Amino acid sequence: KQWYQRRVRDMCKHFLNESSTFSSFHTEQTFRHKQHMTCSTENVIYKIDCVIHNLSYIGYTTTSIKTRFSNNKSHLKTKNISCEIVKHLMEPGHDIDFSSTKAYDESLSRCIKVTLIEKVELGSASTTAEKEAKCETREGYWQTQLKTLHAGGGLNSKDSRKYVTRRRQTRRG
């Protein structure tokens with residue numbers, strides 16, 4: 001357990017951007033955080049910036065960012081392409097050192113920064129599907145605001161706004 005707690009602190013210390021603002025590489029627009037969030041906050045929209053290529057990825061998690069990012073790191077280490085940011089980081093030019101945990105964390109922290117953007121207000125959402133739908137809607141909003149879709153030069157391939165709309169229409173029909 002102590003090992004895990006140290007790893008969580010390291011994630012927050014080395015990867016999490018704790019600034020009061022965040023911005024878009026593509027629009028140069030700056031936004032202020034409206035909520036206090038930590039590595040343990042659940043139901044969040046997050047941004048992962050590749051500082052090597054000035055590209056961003058917007059994602060969401062219904063668990064904490066420490067859990068989600070731990071999964072991203074594991075997928076990168078095992079070369080399991082689970083999302084666009086992992087796929088991008090596997091491409092040449094990132095110089096990620098897999099020789100030890102310390103080397104891996106240090107080299108990865110030179111490539112990326114994680115920013116918590118928004119804690120999604122769930123209201124009466126109680127099921128996992130309802131929570132995910134609310135998070136996907138907000139994810140789509142931030143993909144648009146920060147221009148992180150492929151069409152805008154970003155790393156996101158799935159437009160969450162379209163996905164949520166299609167899913168709602170399928171449920172009604």
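## Basis of the description

Helices are DSSP runs of H or I with at least four residues, strands are runs of E with at least two, and both are numbered from the N terminus. In these terms, Lys147 lies in the loop between α5 and α6 (160–172). The structure described here is a predicted model.

Three elements, arranged in the order β4-β3-β5, make up an open sheet with antiparallel pairing. β4 and β5 stand at its edges; each has a single partner strand, so one side of each lacks a neighbour in the sheet. From one strand to the next, the twist averages 30°.

The antiparallel pairing of β3 with β5 extends over 7 bridges. Among the bridged residues is Cys50, whose partner in β5 is Ile112. Helix α5 (residues 128–146) packs on the sheet and touches β3, β4 and β5. The direction of α5 makes about 160° with that of β4.

In soluble globular proteins, nonpolar side chains tend to be buried together. The largest nonpolar core in this model contains 25 residues, and the members that touch the most others are Ile85, Leu89, Leu108 and Ile112. At least two residues of this core come from each of β3 (42–50), β4 (55–64), α2 (65–77), α3 (84–89), α4 (101–109) and β5.

Apart from neighbours within four places in sequence, Leu89 is in contact with Leu76, His94, Ile96, Leu108, Cys111 and Ile112.

## Ile117 in strand β5

Ile117 belongs to strand β5 (residues 112–119). Its relative accessible area is 3%, which lies under the 20% cut-off, so Ile117 counts as buried. When residues up to four places away in sequence are not counted, Ile117 touches Phe22, His33, Met37, Ile45, Tyr46, Lys47, Ile58, Trp142 and Leu146.

## Packing of α2 against α4

The axes of α2 and α4 come within 12 Å and cross at roughly 105°. Angles of 65 to 115 degrees count as roughly perpendicular, and α2 and α4 are therefore roughly perpendicular to each other.

In this contact, Phe69, Lys73, Leu76 and Lys77 of α2 meet Thr101, Tyr104, Asp105 and Leu108 of α4. By class, the residues of the contact comprise 4 nonpolar, 1 polar and 3 charged. Leu108 is also one of the residues that touch the most other members of the largest nonpolar core.

## Residues with positive phi

Asn43, although not a glycine, has a positive phi of about 60°. This residue is placed in strand β3. With a relative accessibility of 8%, Asn43 counts as buried.

Lys147 is likewise not a glycine and has a positive phi, of about 55°. Its location is the loop between α5 and α6. Lys147 has a relative accessibility of 39% and counts as partly exposed, because this value falls between the limits of 20% for buried and 50% for exposed residues.

Notes: Residues numbered from 1 in each chain as written. Predicted model: local features only at pLDDT ≥ 70, side-chain atom pairs only at ≥ 80, totals over all residues. Heavy atoms only, no water. Buried < 20%, exposed > 50% of the residue type's maximum accessible area, 1.4 Å probe, protein only. Contact = heavy atoms within 4.5 Å. Core = buried A, V, L, I, M, F, W, Y, C linked by side-chain atoms within 4.5 Å. Pairing = 2+ DSSP bridges. Axes fitted to C-alpha atoms, helices over the stretch in contact; angles between N-to-C directions. Parallel < 35°, antiparallel > 145°, perpendicular 65-115°, else oblique. Nonpolar A, V, L, I, M, F, W, Y, C, P; charged D, E, K, R; others polar.
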